Amino acid sequence: MSQESLTWTGPRPQGWLGWSKLGGGILLVLVVLMWSAEGSQISWSELIAGLPQIADFISRTIPPDWEILGRLVRPALETVQIAIWGTLLGIIMAIPLSFLAARNINKSKFLYTTTRQVLNVTRGINELIMALVFVSAVGLGPFPGVLALALHGAGMCGKFFAESIEEIDQGPIEALQSTGAGSLQVIVFGVLPQVITAWIATILYRFEVNLRQATVLGMVGAGGLGFELVSSIKLFKYQETATCIIVITAMVVASDAISNKLRAMIQGSRR
């Protein structure tokens with residue numbers, strides 16, 4: 001490797017003031033890290049002391065209880081169903097919100113700011129908390145899990161969708177508007193062709209997130225594999241716990257592989 005290839009190409013501090021700002025920034029980062037470490041009670045000695053307990057728990061899960069695989073088929077399918085509908089409903093809510101939250105499409109500052117705050121709130125509340133609220137409203141089962149994932153997903157997808165819209169080339173938009181095209185025509189023929197690839201990537205990622213979260217929502221009574229996982233832990237059936245974890249991991253890995261394949265197909269078709 002040549003010396004030239006190792007040359008720093010980023011910005012460099014200029015003069016005494018520049019180096020002082022760099023040193024002050026590094027010092028500030030170190031102070032924040034020390035402050036957060038104290039507040040979060042990070043203790044490596046306690047972790048090392050707890051390693052035998054971790055090893056004991058792992059030893060209790062070996063070997064996994066493969067006899068319960070047949071019993072896990074239905075909860076696994078239920079988890080996928082929760083993720084699918086949570087993603088779908090989230091997208092349906094996110095699409096109109098994203099246009100209201102895009103500064104270059106929505107010229108109303110009040111409506112833009114309000115929509116952005118709505119997306120922040122829905123995205124800021126954890127899915128577990130939402131699931132608890134919906135469980136109290138509609139009862140136990142997968143439906144509150146779907147609602148929790150959909151509401152949280154609307155906030156996340158709406159934000160990313162809006163940012164994709166704000167990054168589009170305004171040329172096609174202005175050309176369509178100059179021909180007298182209406183708002184719907186501008187969106188369909190000027191906006192969507194430019195953002196569809198980014199939107200699909202976001203949707204696939206959100207589905208992966210929902211699949212993982214759907215396994216956790218069962219802990220609060222929202223169905224899926226999470227319910228089986230928590231039940232096995234409460235009953236100290238750790239070998240069944242290991243089987244549940246393996247099934248969840250396999251589902252996430254399979255979802256990731258399928259998503260990567262779909263992304264490659266979409267990117268290849270647009271070249």
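A: Start with Glu-240: its side chain makes a polar contact with the side chain of Arg-71, at 3.2 Å. Keep in mind that this is a predicted model.

Q: Where is Glu-240 found?
A: Glu-240 is in helix α10, which covers residues 238–269.

Q: Is Glu-240 buried or exposed?
A: Buried. Its relative accessible area is 11%, and the cut-off for buried is under 20%.

Q: What else does Glu-240 touch, leaving out residues up to four places away in sequence?
A: Glu-240 touches Asp-65, Ile-68, Arg-71 and Ser-232.

Q: Back to Arg-71. Which network is Arg-71 linked in?
A: Arg-71, Glu-228 and Glu-240 are linked in a network of salt bridges.

Q: Why would such side chains pair?
A: Side chains of opposite charge can pair when their charged atoms come close.

Q: How far apart are N and O in the Glu-228 and Arg-71 salt bridge?
A: The N to O distance is 3.6 Å. This pair links distant parts of the chain, with Glu-228 in helix α9 and Arg-71 in helix α3, 157 residues apart.

Q: Are those two buried or exposed?
A: Glu-228 counts as buried, at 19% relative accessibility. Arg-71 is partly exposed, at 42%.

Q: How many salt bridges turn up in the whole structure?
A: A search finds 6. One of them joins Arg-116 and Glu-166, with the closest N and O atoms 3.2 Å apart.

Q: What does the pair of Arg-116 and Glu-166 tie together?
A: Arg-116 sits in helix α4 (residues 109–124) and Glu-166 in helix α6 (residues 142–166), so the pair ties together parts that are 50 residues apart in sequence. Arg-116 is buried at 15% relative accessibility, while Glu-166 is partly exposed at 31%.

Q: And which residue forms a salt bridge with Lys-159?
A: Glu-163 does, with the closest N and O atoms 2.7 Å apart. Both residues lie in helix α6; because they are 4 residues apart there, about one helical turn separates them. Glu-163 is partly exposed at 28%, and Lys-159 is partly exposed at 22%.

Q: New topic: disulfides. What does the count come to?
A: The count is 0 disulfides. As for cysteines, Cys-157 is buried with a relative accessible area of 1%. Cys-244 also counts as buried, at 1% relative accessibility.

Q: Now the surface. Which residues form the nonpolar patch?
A: Ile-42, Trp-44, Leu-47, Ile-48, Leu-51, Ile-54, Phe-57, Ile-58 and Ile-62. Together they have about 920 Å² of accessible area.

Q: Take Ile-58. Where is its place?
A: Ile-58 is in helix α2, residues 44–60. Ile-58 counts as partly exposed, at 44% relative accessibility.

Q: What joins Ile-62 and Pro-63?
A: A cis peptide bond, with omega of about -5°. Pro-63 lies in the loop between α2 and α3 (69–100).

Q: What about the backbone at Gln-41: what is its phi?
A: Gln-41 has a positive phi of about 55°, although it is not a glycine. Gln-41 lies in the loop between α1 (15–39) and α2. Gln-41 is exposed, with a relative accessible area of 65%.

Q: And the phi of Phe-236?
A: Phe-236 has a positive phi too, about 60°, and is not a glycine. Phe-236 lies in the loop between α9 (225–234) and α10. At 61% relative accessibility, Phe-236 counts as exposed.

Technical notes
Residues numbered from 1 in each chain as written. Predicted model: local features only at pLDDT ≥ 70, side-chain atom pairs only at ≥ 80, totals over all residues. Heavy atoms only, no water. Helix = DSSP H or I, 4+ residues; strand = E, 2+ residues; numbered from the N terminus. Buried < 20%, exposed > 50% of the residue type's maximum accessible area, 1.4 Å probe, protein only. Polar contact = N/O pair within 3.5 Å; in protein donor to acceptor, adjacent residues only side chain to side chain. Contact = heavy atoms within 4.5 Å. Patch = residues over 30% accessible without salt bridge, like charges linked within 9 Å, V, L, I, M, F, W, Y side chains within 5 Å. Areas by Shrake-Rupley, 256 points an atom, 1.4 Å probe, with all protein chains shown as cover. Salt bridge = Lys/Arg side-chain N within 4 Å of Asp/Glu carboxyl O. Disulfide = S-S within 2.5 Å.
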